[in-house]
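Have a look at the model first.

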Amino acid sequence: MLSKKQSQLPIFVINNSSFKSSFFFIIFLTAWFFFLFYWLPPTNPKHISHHRTHHLISNHVINNHVRRQPFSVYIYDLPPEFNLGLVKNCHHLNVYTDMCPHVANHGLGQPLEHINAVSPGCWFATHQFIAEMIFHARLENHPLRTWDPSRATLFYVPFYGGLYASSNFRETNLTARDDLAVRFSEFLKSQPWWQRANGKDHFVVLGRTAWDFMRTASGPDFGANTLLNLPRVQNVSVLTVERNPWRGSNQHGIPYPSYFHPSTSSQMLTWQQKMRLSKRPNLFTFIGAPRKGLEKAAIRDELIKQCGQSTRCKLLTCSNRSGASNKCYSPSEILGVMSKSQFCLQAPGDSFTRRSTFDSVLAGCIPVFFSQHTAYTQYAWYLPQDAEEYSVYINGEEGNNARRKRIEDELMKIPTKRVEKMRNKVIDLIPRVTYKHPNASDDGEFEDAVDVALAAIANHVRSILGRGLVL
């Protein structure tokens with residue numbers, strides 16, 4: 001007979017002791033299931049695809065990092081004569097070409113229909129000297145913009161100095177040529193927020209090289225004005241497509257705009273993947289026109305000669321005239337040649353830098369430089385410190401060194417694995433040297449050229465004024 005205490009136990013314990021072992025076995029299975037589910041990574045195809053796609057941008061994925069930066073940007077509302085008023089007179093913005101087609105679409109230029117098969121709506125015939133307009137349009141809708149100057153870390157002054165300079169290159173009256181630049185300097189002085197740090201937290205963006213704004217009384221007059229020589233402007237951070245390596249302590253190099261302006265990260269990923277898979281039958285290529293009367297002409301002539309004599313080089317010789325017959329004015333021709341080449345020769349042009357450098361990055365073509373000032377002293381914010389990670393350097397600045405070296409032989413020495421690694425690095429760089437479409441959603445998955453510049457300027461302001469200024 002069962003005791004009263006025993007009769008109160010659960011019936012399955014009383015009737016069969018084997019049920020006890022079954023109970024603990026069920027507990028063990030449940031625990032093991034939860035371990036597998038929460039600790040081991042999923043292996044479904046969606047996860048694998050996402051993982052591979054994520055690495056197409058590599059270390060430039062920022063996951064909203066830019067939005068979390070503790071700084072904000074205020075945009076000055078300038079009188080129209082300093083920016084939009086200039087654009088209205090677009091037929092006279094450049095003494096060599098009609099700029100009206102190029103200032104369209106916030107400076108992106110005319111859409112390129114024939115490249116739309118890949119990332120449609122992202123391709124434009126963008127002028128190489130139009131970065132100031134694109135930068136302005138990007139900042140208008142940027143998440144870091146503030147409408148309250150009292151809360152601003154940085155002050156952006158949208159003066160289209162490059163468009164003004166190019167419209168006055170042939171002005172013989174130097175006072176008239178400098179007029180708008182001088183009035184711009186006076187405008188800065190009159191602004192109350194200028195006084196906070198004497199302009200050291202202000203910045204401007206210029207779509208032309210620094211040489212176009214640094215005319216001196218003793219130097220040659222090729223049409224430049226004196227904007228960057230004005231004492232007040234020397235307090236400002238100047239973002240320009242080419243800085244003066246010797247007198248440009250307040251100047252910072254930004255990329256020339258190329259033809260690709262994506263609105264989403266998926267469009268960027270699609271293009272990067274296309275460049276990774278592109279077959280490159282040509283060892284190297286040179287795209288450019290000969291030069292006359294310049295020291296750099298000798299290097300160009302030699303590159304054209306060596307490329308023309310090599311069966312491993314694709315030569316696209318440009319004329320100095322615009323028009324449909326000049327293939328160097330066709331983005332599809334340029335990117336088509338570059339995307340089929342492993343190396344792209346980047347000889348200096350009228351100045352040290354070239355828009356072609358950024359075209360070659362966009363095409364996944366490893367740039368070959370012949371001057372330190374074509375990239376290495378220019379774009380510290382954008383390119384790796386170790387130049388060998390993404391480029392080849394053949395010294396063309398010391399006598400006839402470039403002539404003594406056979407470029408094909410130098411490139412053939414580079415091991416295949418290293419070439420592949422360099423090309424992957426170049427393709428990884430595409431997002432940060434690209435200007436997003438001004439209407440981009442800013443999904444935060446990759447930094448573009450504007451994002452990189454803003455973060456770098458903020459760090460620069462912190463370094464010279466101290467963190468106490470950052471609000």
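Angles under 35 degrees count as roughly parallel, over 145 as roughly antiparallel, 65 to 115 as roughly perpendicular, and the rest as oblique. This is a predicted model, where local features need pLDDT of at least 70, side-chain atom pairs count only at pLDDT 80 or more, and totals for chains, interfaces and linings use all residues. Residues are numbered from 1 along each chain as its sequence is written, and side-chain values use heavy atoms, leaving out hydrogens and water.

**How α8 and α18 pack**
- Helix α8 (residues 131-140) meets α18 at about 80°, with the axes 10 Å apart (axes are lines fitted to C-alpha atoms over the stretch in contact, and angles run from 0 to 180 degrees between N-to-C directions).
- The two helices, α8 and α18, are therefore roughly perpendicular.
- F135, R138 and L139 of α8 touch V450, D451, A453 and L454 of α18 (contact means heavy atoms within 4.5 Å).

**Helix α18 itself**
- α18 covers residues 449-465 and spans 24 Å from first C-alpha to last, close to the 24 Å expected at 1.5 Å a residue (that is, 1.5 Å times one less than its number of residues).
- Of its 17 residues, 12 are buried (under 20% relative accessible area, 1.4 Å probe, protein chains only), including D451 and R462.
- D448 caps the N-terminal end of α18, with a side-chain oxygen 3.2 Å from the backbone nitrogen of V450.

**The loop histidine**
- H142 sits in the loop between α8 and β4 (154-156).
- H142 is buried, at 5% relative accessible area, and its side chain reaches the backbone nitrogen of L144 at 3.1 Å.

Methods. Helix = DSSP H or I, 4+ residues; strand = E, 2+ residues; numbered from the N terminus. Buried < 20%, exposed > 50% of the residue type's maximum accessible area, 1.4 Å probe, protein only. Polar contact = N/O pair within 3.5 Å; in protein donor to acceptor, adjacent residues only side chain to side chain.
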